[in-house]
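Here are some notes to read alongside the model. Please keep the viewer open and find each element as you go.

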Amino acid sequence: MAGKLKKIVTDPLSDNNPITIQVLGICSALAVTTKVDTAIVMSISLTAVVSFAALIVSLMRNMIPGKIRIIVQLAVVSSLVIFADQLLKAYVFDISRQLSVFVGLIITNCIVLGRLEAFALGNKPGPAFLDGLGNGLGYSAVLIAVASMREILGFGTWHGIQLMPAGYQGNGLMLLAPGAFFCLGLLIWAQRQIIKKFETA
Amino acid sequence: MSTPKGDGYVIGFAVSICIACSLLLSATASTLKSRQEYNVELDRKMNILKAFGVQTRDERGRAISGAEVDRIFEQYIREIVLDGETGQPIEGLTIAGVSPREIAAGTRLPLYTFEQDGEIAKYAIPISGKGLWSTIYGYLALNRDLATIAGVTFYKHGETPGLGGEVEKDWFQNNFRGKRIWGDGNLLPFEVVKGTVADRYPQGNDHAVDGISGATLTGRGVTQFINRDLEKYEKYFSLIRRS
């Protein structure tokens, strides 16, 4: 049993990663990854939202009427997202301004609703929470990896620390959306090579 | 999702979810309100300091602390409220005591001064107006002569990131520094040009700045509201220039 629980958390980190394998949540992965700081805050927000949403939905899974289950899930998710957004506005105002609409858009992130539908509705609260946590962490790992590449190549810094030599001319392409596509594409390719996952057409 | 439930149950369930969610959110909003308002206020002060050219970032590029902003603001910045009709300062009125509606209507004009050694070194006015998609807010600081720009900030807008959104970037704002708004006894029409100033005015133009490529309309909006807002303060500024 313990092994199964561990697998719920570790599976989405690599073998079943929501971004690189399932290719979900791309929108925010492109938008908030110009700097590591914003990526970290976004990752924490999403991980918290998806874990607790999964927990709450799983606790109510026998009470939720099937006819309105999507609406109920959305109500839970959006309340949590607004809650997170309010906290960010109060405690990390600067970063919350840079994230702008993207925290709000966690509501529409396919990963969140996908995990609720696919897992939380049919499983006990404990595993559901861990499944949310695992997927959140899988998303975070990719987000931070992409943000690291973009910040180092684009600004010459990582988490605000100067890495490149002083005269380094930042690569502007990395800061624009196409740069994110390149990084993400390379990452998806590398990941799938390593775990030997190939899609058949 | 065990057994099919009746309509009454569905409605009851929906209503209780709504109530639970709204209670949670109202509780959060009211608990965090004062902190959020403090942040907005701090951000406003920070932007006024930035317009005045005060260093608001340390050598590592991190923003200075809130307490530090408050201290600098307290020490150097004074607030004045002008009467829109006469252009005269109104004694005993602070900017916090003026309603946004009066400011929008132009009957009350907030003005910030930066004082050094007991003398006014710079003036700053709030500027705002339509860009392409949204209202842009910022501050414009003038040097003591009230003829050249000391600095500008745009801090709140909803323009397209990467295009009109570049107004919030340093490269755009730094171009304003040192430009003239007053010459030969007249307000000069300030302009954010389409393209670069060097291309547009080969003979040179000291009251224009380079535009943002791909954001001509945002630039046109900025041009418009900077001139309009400077006009509003002209009554008071001309008095000072004369004395």
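1. Let's start with helix 3 of chain A. Of its 24 residues, 17 are buried, so helix 3 of chain A is largely enclosed by the rest of the structure. A residue is called buried if 20 or more other C-beta atoms lie within 10 Å of its own, exposed if 12 or fewer do, and partly exposed in between, with C-beta atoms placed from the backbone. Helices here are DSSP runs (H or I, at least four residues), as are strands (E, at least two), and both are numbered from the N terminus.

2. Before going further, a word on the model: it is predicted, local features need pLDDT of at least 70, side-chain atom pairs count only at pLDDT 80 or more, and totals for chains, interfaces and linings use all residues. Residues are numbered from 1 along each chain as its sequence is written, while chains are lettered from A and ligands numbered from 1 in the order in which they are written.

3. Ala48(A) and Lys6(A) are 42 residues apart in sequence and 18 Å apart in space, C-alpha to C-alpha.

4. Now look at the neighbour of helix 3. The axes of helix 3 (residues 36-59) and helix 7 (residues 110-118) of chain A come within 10 Å and cross at roughly 25°, which makes the two helices roughly parallel. Axes are lines fitted to C-alpha atoms, for helices over the stretch in contact, and angles run from 0 to 180 degrees between N-to-C directions. Angles under 35 degrees count as roughly parallel, over 145 as roughly antiparallel, 65 to 115 as roughly perpendicular and the rest as oblique.

5. Helix 3 of chain A passes helix 7 of chain A in a right-handed crossing. A crossing is right-handed if the near helix is turned clockwise from the far one by less than a right angle, and left-handed if anticlockwise. On helix 3 of chain A the contact is made by Val49(A), Val50(A), Ala53(A), Ala54(A) and Val57(A), and on helix 7 of chain A by Ile111(A), Val112(A), Arg115(A) and Leu116(A). Residues are in contact if their C-beta atoms, placed from the backbone, lie within 7 Å. The residues of this contact divide into eight nonpolar, no polar and one charged. Ala, Val, Leu, Ile, Met, Phe, Trp, Tyr, Cys and Pro count as nonpolar, Asp, Glu, Lys and Arg as charged, and the others, Gly among them, as polar.

6. Helix 4 of chain A deserves a look too. Its 23 residues should span 33 Å at 1.5 Å a residue, and the 33 Å between its end C-alpha atoms agrees. Its buried residues include Val72(A), Val76(A), Leu80(A), Phe83(A) and Leu88(A). Among the elements that cover the buried residues of helix 4 of chain A are helix 3 of chain A and helix 1 (7-51) of chain B.

7. How do the chains meet? The contact takes 22 residues from chain A and 24 residues from chain B. On the side of chain A that touches chain B, helix 4 (69-91) and helix 5 (93-99) of chain A each supply at least two residues, and the largest share, nine residues, comes from helix 4 of chain A. That side of chain A divides into 12 nonpolar, five polar and five charged residues.

8. Over in chain B, Phe13(B) lies in helix 1 and touches Met63(A) and Pro65(A), not counting residues up to four places away in sequence. Phe13(B) is partly exposed, with 18 other C-beta atoms within 10 Å.

9. The axes of helix 1 and helix 2 (residues 66-76) of chain B come within 10 Å and cross at roughly 55°; the two are therefore oblique to each other. Helix 1 of chain B passes helix 2 of chain B in a left-handed crossing.

10. Finally, which residue sits in the loop between strand 2 (108-116) and strand 3 (119-130) of chain B? Asp117(B) is found there, and its phi is near 50°, a positive value in a residue other than glycine.

Key:
Two residues are in contact if their C-beta atoms, placed from the backbone, lie within 7 Å. The expected span of a helix is 1.5 Å times one less than its number of residues.
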